[in-house]
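Colleague: Could you take me through how pairs of helices pack against each other here?

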Amino acid sequence: MALANPDAFGPLDEYDERVHSHRLRDDEHQRTIVQSLQDLHDMLTDYQAPTVVHPSIESLKPQSQSLFDSLFHRKPARKHTRIPPNLPKGLYMYGDVGSGKTMLMDMFYDTLPHNISSKTRVHFHNFMQDVHKRLHAMKMEHGTDLDAISYIAADLAEKGSVLCFDEFQCTDVADAMILRSLLEALMSHGVVLVTTSNRHPDDLYKNGIQRASFIPCINLLKTRLRVLNLDSTTDYRKIPRPPSGVYHHPLDKAATSHAERWFKFLGDVEKDPPHKATHQVWGRDIEVPRASGKAAMFTFGELIGRATGAADYLELMRSYDAFIITDVPGMTHRERDWARRFITFIDAVYESRAKLVLTTAVPLFQLFMSPEEIGEALDGGRLQGSVQDAEEHDGVDDVMRQMMDDLGMNMAMLKNSNLFTGDEERFAFSRALSRLSEMGSQDWVERGLGMEHRGGLNEKEGWQRVRSRWREDSL
């Protein structure tokens with residue numbers, strides 16, 4: 001019997017069909033991965049990629065410098081590639097041999113909705129060979145000063161609004177130097193990227209020549225694609241850990257399943273079904289909309305939108321080990337009170353060594369400064385001479401530096417920014433991003449959960465003793 005709506009048949013239906021016909025064994029971890037494929041499938045049913053606009057050869061030639069710029073050795077400003085705000089977030093699936101990468105890609109690609117009229121699937125090595133051949137041909141015809149990447153990206157975008165890579169990897173310096181510009185240019189034309197790999201983005205091109213120049217590409221992958229670990233890891237309860245990291249943006253369809261998945265894992269929904277809870281601080285009630293086991297779930301408005309403070313957060317830390325906060329907005333100078341309150345909450349979570357799961361409207365590095373504010377601060381820093389291309393970020397955590405480098409921003413500029421009322425607030429902002437980054441690491445997330453590869457129940461019980469001592473000290 002034919003489906004009334006053929007787009008209703010997605011990866012999850014294909015998975016169920018294979019389980020029903022005994023071609024696959026129903027596996028909770030694998031089903032979670034397929035649900036992520038389904039989320040993207042559903043977003044693509046309403047997606048209309050923009051018409052590809054080919055740049056002219058003339059527009060891709062370098063701009064001539066003014067006399068003033070040449071006298072003062074000023075470099076031309078880097079062209080900013082604008083990625084459409086409605087571009088669905090793609091997927092980066094990584095895992096060892098035998099983790100089902102090819103099968104999962106088959107399920108996604110073969111069930112793409114009908115409105116995706118053009119799609120491409122290619123082995124990444126073959127794709128890059130084709131790109132280098134095109135680059136060589138363009139340089140032979142138009143010279144080496146041409147921005148050939150932008151032209152080639154437009155050509156490739158015309159072939160498919162969904163581009164699927166099998167076995168994404170980077171082992172060659174020639175690939176490393178162009179990948180960020182190439183992927184960003186493809187996204188600017190509305191191309192949705194889905195890829196499989198053997199490695200987490202952080203492990204790509206490890207120990208490669210000029211690897212520092214490849215870091216912006218890693219940041220792009222982690223920011224613009226949803227990173228999923230296909231290798232199943234379970235805790236002492238035999239419950240598989242969610243495949244994604246603890247932070248998700250934007251607030252799309254996948255954000256809801258992300259939060260629910262982590263709440264189910266960090267809570268104890270079997271023995272303690274989700275319920276409302278009330279705690280008291282100095283005679284006032286703190287309402288927890290959803291609690292299960294040692295996990296509490298709030299929307300940003302329910303936790304930060306109210307007049308809450310450090311004492312409230314400390315009481316919550318005594319009662320819960322994990323917090324899932326959804327619908328976190330970007331906070332500009334107009335929402336400074338929210339930002340200060342949220343930073344206080346982040347500090348409380350960090351100092352109590354609790355877990356934090358977030359769904360946010362913007363990437364982490366834009367939580368407290370909008371792109372416009374960042375641009376203004378960057379321009380101000382350049383005018384003051386505090387922003388230079390090769391300036392060191394003294395005293396800043398390495399991860400924090402990676403988050404900031406891609407925005408052309410450094411600590412010297414931050415110190416001269418008028419977006420913060422004083423050094424203490426600037427330090428709190430910097431520290432909050434650094435702490436969020438640390439709390440998103442695998443070591444922080446898995447510590448104390450009793451993961452089987454970390455010691456199971458014994459590891460969990462040992463960590464609970466550490467948390468108990470903290471609770472006693474905080475009384």
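Colleague: At what angle do helix α5 and helix α6 pack?

Modeller: This is a predicted model, in which local features need pLDDT of at least 70, side-chain atom pairs count only at pLDDT 80 or more, and totals for chains, interfaces and linings use all residues. Residues are numbered from 1 along each chain as its sequence is written, and side-chain values use heavy atoms, leaving out hydrogens and water. Helices are DSSP runs (H or I, at least four residues) numbered from the N terminus, and angles run from 0 to 180 degrees between N-to-C directions of axes fitted to C-alpha atoms over the stretch in contact. For α5 (residues 124-142) and α6 (residues 148-159), the axes lie 10 Å apart and the angle is about 130 degrees.

Colleague: Why is α5 called oblique to α6?

Modeller: Angles under 35 degrees count as roughly parallel, over 145 as roughly antiparallel, 65 to 115 as roughly perpendicular and the rest as oblique. The angle of about 130 degrees therefore makes α5 oblique to α6.

Colleague: How do α2 and α9 lie, roughly parallel or roughly antiparallel?

Modeller: The axes of α2 (residues 28-44) and α9 (residues 253-266) come within 9 Å and cross at roughly 160 degrees. That crossing angle therefore makes α2, relative to α9, roughly antiparallel.

Colleague: Which residues in α9 meet α2?

Modeller: Contact means heavy atoms within 4.5 Å. From α2, the residues taking part are Glu28, Thr32, Gln35, Ser36, Asp39, Asp42 and Met43. Their partners in α9 are Lys253, Ala254, Ser257, Arg261 and Lys264.

Definitions and conventions:
Helices (H or I, at least four residues) and strands (E, at least two) are DSSP runs, numbered from the N terminus.
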